[in-house]
Structure formats: structure tokens, C-alpha cells
Amino acid sequence: VTLICDAGAFVALERNDRAMWRRLKAELRAAQPPVSHGGVVAQVWRGGARQALLARALSAVEISGLDDELGRKAGALLGRARARDAIDAAVVALAVDDDRIVTSDPGDIHALVAASGVHVDVIPV
């Protein structure tokens, strides 16, 4: 079971949301680092010292590349869901059964999850 983070999860961490930090720390204590992908990082990273909390969070997360394989999987998912957000689709494309996705956009993620056929928990943040 993997925790998958979308941009909203990282924004919550950057805002020092205690519940999100507890989730992250629990995953790390269980030796199950959360995952995300580089497109999500691009959505949240602006650089500079003011993002120290975000930098700390990103260092604890396994960041996958948004490569050809993940891109094609996300694109096919967008087609099935009749959706447009490739970054969200790639987040869902990372998931396998029983994973959990932390998101600030549960409506769009639920639609993509339904089209994907995987059984995941969507956790609003």
C-alpha cells in the first residue's frame, strides 16, 4: 500500500498542515515512502528558501519521472475518463489496488480512478 501525493498534498505540507505531516511521517516510519511524479513537483516548486518545508517533504518522497511509459498510461486514462489534466492522470496512473491518493481535488481524482479500474482510497486534504 503506497501513499501517492498530488500537488495539494505538497501544498498542505508547505503550509505546515499537521495532519499531512503526520501522514508523511507515518509512511516513513513504516518504511513505505510516499510517491509522486515530476509533473507534480513542477506544479508546486518555485525555488528559494521560503519553500524549506516543501524541500524537506520532497526529499522524503520517491519522485518518478513523467516518462514515455507513464505518459502513455496517463494519456490513455485521460481518454477513458474524458478528462484533460495530464498531471492528475499521471498521479492516478501511478496507483495500484489498495493505494491511497492524497489530493486537494478529490472530484477530478475520483473520476480518473473510476476510469482506471484500480481500487484506491482518495483522501482529501
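Helix axes are here lines fitted to C-alpha atoms over the stretch in contact, and the angles between them run from 0 to 180 degrees between N-to-C directions; helices themselves are DSSP runs (H or I, at least four residues), numbered from the N terminus. The model is predicted, with local features requiring pLDDT of at least 70 and side-chain atom pairs counting only at pLDDT 80 or more, while totals for chains, interfaces and linings use all residues. Residues are numbered from 1 along each chain as its sequence is written, and side-chain values use heavy atoms, with hydrogens and water left out.

| Helix pair | Angle | Axis separation |
|---|---|---|
| α1 (residues 7–14) and α4 (residues 52–59) | about 130° | 8 Å |
| α5 (residues 68–81) and α7 (residues 106–116) | roughly 100° | within 9 Å |

The angle of about 130° between α1 and α4 makes α1 oblique to α4, given that angles under 35 degrees count as roughly parallel, over 145 as roughly antiparallel, 65 to 115 as roughly perpendicular and the rest as oblique. The crossing of α1 and α4 is right-handed, a term used if the near helix is turned clockwise from the far one by less than a right angle. Contact (heavy atoms within 4.5 Å) joins Phe10, Leu13 and Glu14 of α1 to Leu53, Leu54, Ala57 and Leu58 of α4. These residues divide into 6 nonpolar, no polar and 1 charged, where Ala, Val, Leu, Ile, Met, Phe, Trp, Tyr, Cys and Pro count as nonpolar, Asp, Glu, Lys and Arg as charged, and the others, Gly among them, as polar.

Phe10 also has a place in the largest nonpolar core, which holds 40 residues and in which Phe10, Met20 and Ile101 touch the most other members. Such a core is a set of buried Ala, Val, Leu, Ile, Met, Phe, Trp, Tyr and Cys residues joined through side-chain atoms within 4.5 Å, buried meaning under 20% relative accessible area (1.4 Å probe, protein chains only). Beyond its neighbours within four places in sequence, Phe10 is in contact with residues including Cys5, Val40, Leu54 and Val61.

For the second pair, the crossing at roughly 100° makes α5 roughly perpendicular to α7. Leu77, Leu78, Arg80 and Ala81 of α5 form this contact with Ala111, Leu112, Ala115 and Ser116 of α7.

Ala74, also in helix α5, counts as buried at 3% relative accessibility. Leaving aside its neighbours within four places in sequence, Ala74 is in contact with Ala86, Ala89, Ala90 and Ala93.

Definitions and conventions. Helix = DSSP H or I, 4+ residues; strand = E, 2+ residues; numbered from the N terminus. Buried < 20%, exposed > 50% of the residue type's maximum accessible area, 1.4 Å probe, protein only.
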